[in-house]
Amino acid sequence: MLSFVVDAKDKNCSARAGTIKTTHGIIETPIFMPVGTVGSVKTLTPDELYEIGATIILGNTYHLHLRPGDDIVAHFGGLHRFMNWKRNILTDSGGFQVFSLADLNKITEDGVEFKSHIDGSKHFFSPEISMEIQKKLGSDIVMAFDECVPYPSEKSYVAKSLERTTRWAKRCKEYSLDYHQSLFGIVQGGVFKDLRKISADQLIDLDFPGYAIGGLSVGEEIPLMYEIAEYTAQLLPEEKPRYLMGVGTPEDILNGISFGIDMFDCVMPTRNARNALLFTSEGRLSIKRADLAKSDDPIDKNCDCYTCRNFSRGYLRHLYKAGEILAMRLNTIHNLHFYISLVKSARNAIINGNFEAFKNDMLLKLNQGGN
Ligand SMILES: Nc1cc(CSc2ncc[nH]2)c2nc(N)[nH]c(=O)c2c1
Ligand SMILES: [Zn+2]
């Protein structure tokens, strides 16, 4: 069970600040959700995640089903207990990962057969099986089992696929989840506005407590992603949360917020951190750079994260070059803190009525090479 209220709306664009309430606590939106695919946000402890302000993290049905197995996670009382995470968890439904990771055997009305990318073992996912796994994981927000069509795809295939995704969503809705879990529908339709409208209308008829925009950030050009994301967001009920899956860069998130989108997730901050690519309020910074060897500056002088309060660029560069695990941890703390504080600042700007100015100022700063 999930409630959502809109706390403030921008006057010049669709941006809004909201509050999601679940049994695992409050989520103030716009929100960025760190990705914890196999039950860990790579390199960080739950306490470190609380410290940077994370209120919801993501888990993956596909990965956890394959390893350690949803039965094992259920044995420990669900994913919250298993990983000792006391706040919210959203789990993706597995469809996307099957299509992007597994050796996909075949897709039928009933579901998808696939081979594990880990050991090649055969598996089958259906809407019902995806719901059963997410029920065992005990996530607060459960994603419907969908087909994320690749880009580009023939319009005729996208049109047929979205109809099946709607039929699958209906099957998911008919499955009884735990009292505390809420199921979000996922809008598909590729990059075709007329198909997006059909998909959105069909899912709205099924009446979900929240809606995700799927099928984007799959290789399409950024302007096209923005156009479809904005169009689709405006089709969705204003009083329900809107989640843009797999997005994105800080710029994408600021633009997504202006389209009226409330929730975002992306592996970028955590993956880039492990590759020494850091986000700062003056643009991107590669901490590997030789000219940083003697820099006593923090990664970002405007950042108050643990890493920026305690360590120099020179030290972080050294750790990375030496292959120290601490480098990954300190970089991850900074990048996640950057994303989470970006959306928190966006929320405050919406509440204070100056989101447009905030967004334009940030977009300028994010793209300067001021490091
Ligand atoms: N781009 C994109 C990303 C994801 C993964 S979101 C995620 N899961 C775990 C981490 N992040 C998607 N997931 C689903 N179910 N459907 C989609 O259309 C889709 C599109
Ligand atoms: Zn920092």
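Which residues make a nonpolar surface patch of about 250 Å²? I72, F76 and F82 make the patch. The legends below describe close-up views of a predicted model.

**View 1. A nonpolar surface patch includes I72.** I72 sits in helix α3, residues 70–75. Its relative accessible area is 38%, so I72 is partly exposed.

**View 2. Strands β2 and β3 form a hairpin.** Strand β2 spans residues 16–22 and strand β3 residues 25–29. The two run antiparallel and are joined by five bridges. T22 has G25 in β3 as its bridge partner.

**View 3. The largest nonpolar core has 89 residues.** L244, I257 and F355 have the most contacts inside this core. Helix α14, residues 325–352, gives the most to the core, with 12 residues. A second, separate core has 17 residues, including L90, F184, Y243 and M263. F355 touches residues from several stretches of sequence, among them D10, C13, L254, I257 and I350.

**View 4. E28 and R347 meet in a salt bridge.** The N to O distance is 3.6 Å. E28 belongs to strand β3 and R347 to helix α14, so the pair ties together parts 319 residues apart in sequence. E28 is partly exposed at 42% relative accessibility. R347 is buried at 8%. D7 joins E28 and R347 in a network of salt bridges.

**View 5. E282 and K301 form a salt bridge.** Their side chains meet at 2.5 Å, N to O. E282 lies in the loop between β15 (277–280) and β16 (283–286), and K301 in the loop between β16 and α12 (306–310). The two residues are 19 residues apart. E282 counts as buried, with 19% relative accessibility. K301 counts as exposed, with 60%.

**View 6. R289 pairs with D291 in a salt bridge.** The closest N and O atoms are 2.8 Å apart. R289 is partly exposed, at 28% relative accessibility. D291 is exposed, at 53%. Across the whole structure, a search finds 23 salt bridges.

**View 7. T166 is a buried residue of helix α7.** The helix spans residues 155–173. T166 has a relative accessibility of 11%; the cut-off for buried is under 20%, so T166 counts as buried. Leaving out residues up to four places away in sequence, T166 touches Q202, L203 and L206.

Notes. Residues are numbered from 1 along each chain as its sequence is written. Chains are lettered from A and ligands numbered from 1 in the order in which they are written. This is a predicted model: local features need pLDDT of at least 70, side-chain atom pairs count only at pLDDT 80 or more; totals for chains, interfaces and linings use all residues. Side-chain values use heavy atoms; hydrogens and water are left out. Patches are made of residues with over 30% relative accessible area and no salt bridge: like charges are joined within 9 Å, nonpolar side chains (Val, Leu, Ile, Met, Phe, Trp, Tyr) within 5 Å. Accessible areas come from the Shrake-Rupley method with a 1.4 Å probe; for residues, only the protein chains shown count as cover. A salt bridge is a side-chain nitrogen of Lys or Arg within 4 Å of a carboxyl oxygen of Asp or Glu. Helices (H or I, at least four residues) and strands (E, at least two) are DSSP runs, numbered from the N terminus. Buried means under 20% relative accessible area, exposed over 50%, partly exposed in between (1.4 Å probe, protein chains only). Two strands pair if DSSP finds at least two bridges between them. A nonpolar core is a set of buried Ala, Val, Leu, Ile, Met, Phe, Trp, Tyr and Cys residues joined through side-chain atoms within 4.5 Å. Contact means heavy atoms within 4.5 Å.
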